[in-house]
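Take a walk through this structure.

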Amino acid sequence: MPRLCHDILTLNDDYNEIYSQELMTMINHSLNEKEVKKLHPNIQFEVYLMLHVLGRAVPHFQKMNENYCSKNDPNHFLNNLKKRYFSIFKSKFQPKDESKPRAKSFCQQTLKPAMKVHIYKNLGRKVVDSILSSTDGVQFKNPKYFQFNVLKELLEMKNFHNYARYINEHEMYIRNWISEYVVKRYEDSSKLHILIQDLISSICKKIQFALRDPYVKKSPDILTFFDRFCQILRNYLVITQNDIKLVSFQNTVNISQFSSDVELYLKELEEEFMSDMKSVNIESLFDLKFTPQEELFKIVIGCGKKCPFCRAPCESGGFNHREHFASAHRPKGLAQYTWSDCNALCNSICTTDVLSNDMFINPDTGGDGCYYKEYRRIYPEWRIQPDTSIRASDYWKFVLREFNAKFADLYSAEPAEIPDEWKTITQDQALRSLREAYNI
Ligand SMILES: [Zn+2]
Ligand SMILES: [Zn+2]
């Protein structure tokens, strides 16, 4: 939802009631999710929730409307164009030099803003591509690789709060992890500037190519010239009809000469851009629509579903898989499960539960008991690989043993009973178990 609000607010558009409707659709959609339905929200709750969310959105929508009005105020709009009309007016009295000033004005007033939009629009993607193609980028290959890497790092840090955040605020933990990674990688802005330079050179080459196109150069008049020029660059630059009308206004220059003059100033513009963009740092990309961290997040988070028993995230990758799968399941106490007859954290693991004669009761079973063996009756989309080996999930057994009291305290429960064989698991064995589970 915050993502939707961010996307709407960065549209630079006026408020439209469709945005409120979109928010309400999203709330309705969330209310219909299986996990939320389990909580049986009533109508009153739904109304309060809508009022709360819309109430929070109102000041932002108000600001959006004010920004739009101020940008589109006719007085403000004309004032902005004053300089450009004045230069056209002046050029009318200097007919011999008309082409060059017009070309310069076109570069500065029309091409430059369009190029800037293009560069910012593509920079996030370029950062993602550069990360994914680096040797380090292998960890973002799929959810499995990524989870392994984060879990390995968590074991090295051995910090309870990090584990608690990883388990209970998984998405937020992963988002922060990726943001920190991206910031660290581009701490030295020179790496980012290489990508920016590539983008500037590449768009300048495309513009040059369009200017030299014989079909463009031989246009019968300036309007046709701009039409053809914009047509070639339509996938890269957004140049509005208003911009074209303004440059074409009383423009009677020789087309071929004008095209060469634009090319001349384009070189100047390229240098100007290179120097302007020197102040760009990685944080300035975080407000863009296409942020590198959000794209990497989408790859590594996969479908976002979690094991219904232990909350281990699905690692099947992408959204279109028929079964959810996790490499390493955990003692359920880590996901706040307690035994039904006492308040102690549950030390059993889903992979062994599914072979036992034990039962589970939760809101999904509608208050009835269901054998773990028959878990697919309730969760047909999950595949939990049975495992009876004594070493299974040593990693997570080690984590629960190390932080048993702290997890119990966090969940207001009694600590889990630690079986004797868990007591000898070393950190090395935990890491080995992780490698085996993830086959890395
Ligand atoms: Zn599980
Ligand atoms: Zn899945």
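**A walk through the chain**

The chain holds 20 helices and two strands. Helices (H or I, at least four residues) and strands (E, at least two) are DSSP runs, numbered from the N terminus. The radius of gyration of the chain is 30 Å, well over the 22 Å from the globule rule for 440 residues, so the chain is more spread out than a compact globule. That radius is taken over C-alpha atoms, and the rule is 2.2 Å times the number of residues to the power 0.38.

This is a predicted model: local features need pLDDT of at least 70, side-chain atom pairs count only at pLDDT 80 or more, and totals for chains, interfaces and linings use all residues. Residues are numbered from 1 along each chain as its sequence is written, while chains are lettered from A and ligands numbered from 1 in the order in which they are written.

The C-alpha trace spans about 95 × 50 × 35 Å along its principal axes. Of the 440 residues, 27% are buried. A residue is buried if 20 or more other C-beta atoms lie within 10 Å of its own, exposed if 12 or fewer, and partly exposed in between, with C-beta atoms placed from the backbone.

Now turn to helix 15, residues 292–301. Its buried residues are Pro292, Gln293, Leu296 and Val300. Seen down the axis of helix 15, they fall within an arc of 90 degrees, so they line one face of the helix. The arc is that of the directions from the helix axis to the C-beta atoms. Their cover includes helix 6 (99–132), helix 7 (143–157) and helix 9 (170–185). Just after helix 15, glycine 302 takes a positive phi of about 60 degrees.

Next comes a pair of helices. Helix 10 (residues 189–212) and helix 14 (residues 255–276) pack at an angle of about 175 degrees, with their axes 10 Å apart. Axes are lines fitted to C-alpha atoms, for helices over the stretch in contact, and angles run from 0 to 180 degrees between N-to-C directions. Helix 10 is therefore roughly antiparallel to helix 14 (a label for angles over 145 degrees).

Last, look at tyrosine 438, in helix 20 (residues 427–438). Tyrosine 438 is partly exposed, with 18 other C-beta atoms within 10 Å. Tyrosine 438 and phenylalanine 148 lie 290 residues apart in sequence, but 6.7 Å apart in space, C-alpha to C-alpha.

Note on methods:
Contact = placed C-beta atoms within 7 Å. Parallel < 35°, antiparallel > 145°, perpendicular 65-115°, else oblique.
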